[in-house]
Amino acid sequence: FYEFTTNKERVAEVAKDFRTDGWTLEVNGLVDRPRTFTIDDLHALSPPEERIYRMRCVEAWSMVIPWAGVPLSRLLEAVAPQAAAKYVAFET
């Protein structure tokens with residue numbers, strides 16, 4: 001939520017008009033079915049999964065990070081990576 005505010009109580013208020021219309025995700029390279037996904041396409045791949053990631057450090061800090069979204073495995077199933085593919089790279 002840091003993109004909107006560092007006050008977690010205000011995130012919903014500040015982000016209420018945030019729009020993702022027009023955002024796309026392009027998957028290409030060593031895949032059998034290269035494709036450009038819209039947000040709706042991603043939602044159609046799988047119901048969102050919720051996860052909690054917990055990080056702890058020996059220097060006495062910790063973080064609890066909630067995540068909700070489409071698993072990467074569902075996206076990869078949709079584009080069918082080729083046998084020669086070894087890595088997934090993300091560019092923004």
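Is M55 buried, partly exposed or exposed? M55 is partly exposed, because its relative accessible area is 36%. In this report, buried means a relative accessible area under 20%, exposed means over 50%, and partly exposed lies in between, as found with a 1.4 Å probe and protein chains only.

The structure is a predicted model, in which local features need pLDDT of at least 70 and side-chain atom pairs count only at pLDDT 80 or more, while totals for chains, interfaces and linings use all residues. Residues are numbered from 1 along each chain as its sequence is written, and side-chain values use heavy atoms, with hydrogens and water left out.

M55 belongs to strand β3, which covers residues 49-56. Helices (H or I, at least four residues) and strands (E, at least two residues) are DSSP runs, numbered from the N terminus. Strand β3 pairs with strand β4, residues 62-69, in the antiparallel sense over eight bridges. Two strands are said to pair if DSSP finds at least two bridges between them.

The hairpin has five residues between its strands. A60 lies in this loop between β3 and β4 and has a positive phi of about 80 degrees, although A60 is not a glycine. A60 counts as exposed because its relative accessible area is 72%.

## E49 and its surroundings

E49 is found in strand β3, and its bridge partner in β4 is G69. Contact means heavy atoms within 4.5 Å. Leaving aside neighbours within four places in sequence, E49 is in contact with W67, A68, G69 and P71. By comparison, E49 and T36 are 13 residues apart in sequence and 22 Å apart in space, C-alpha to C-alpha.

S46 lies in the loop between α2 (39-45) and β3. At 6% relative accessibility, S46 counts as buried. Beyond four places in sequence, S46 is in contact with V70, P71 and R74.

Side chains of opposite charge can pair when their charged atoms come close.

K16 and D17 are both exposed. E49 is partly exposed, with a relative accessible area of 28%, and R51 is partly exposed at 34%. R74 and E77 both lie in helix α3, three residues apart, which is about one turn of the helix. R74 is partly exposed because its relative accessible area is 32%.

In soluble globular proteins, nonpolar side chains tend to be buried together. A nonpolar core is a set of buried Ala, Val, Leu, Ile, Met, Phe, Trp, Tyr and Cys residues joined through side-chain atoms within 4.5 Å. Which residues make up the largest nonpolar core? The seven residues are V27, V31, F37, L42, L75, A78 and V79. Helix α3, residues 72-79, gives the most to this core, with three residues.

A78 touches R33, R35, F37 and L45, not counting residues up to four places away in sequence. In the segment after α3 lies A80. A80 has a positive phi of about 55 degrees, although A80 is not a glycine. A80 counts as buried because its relative accessibility is 16%.
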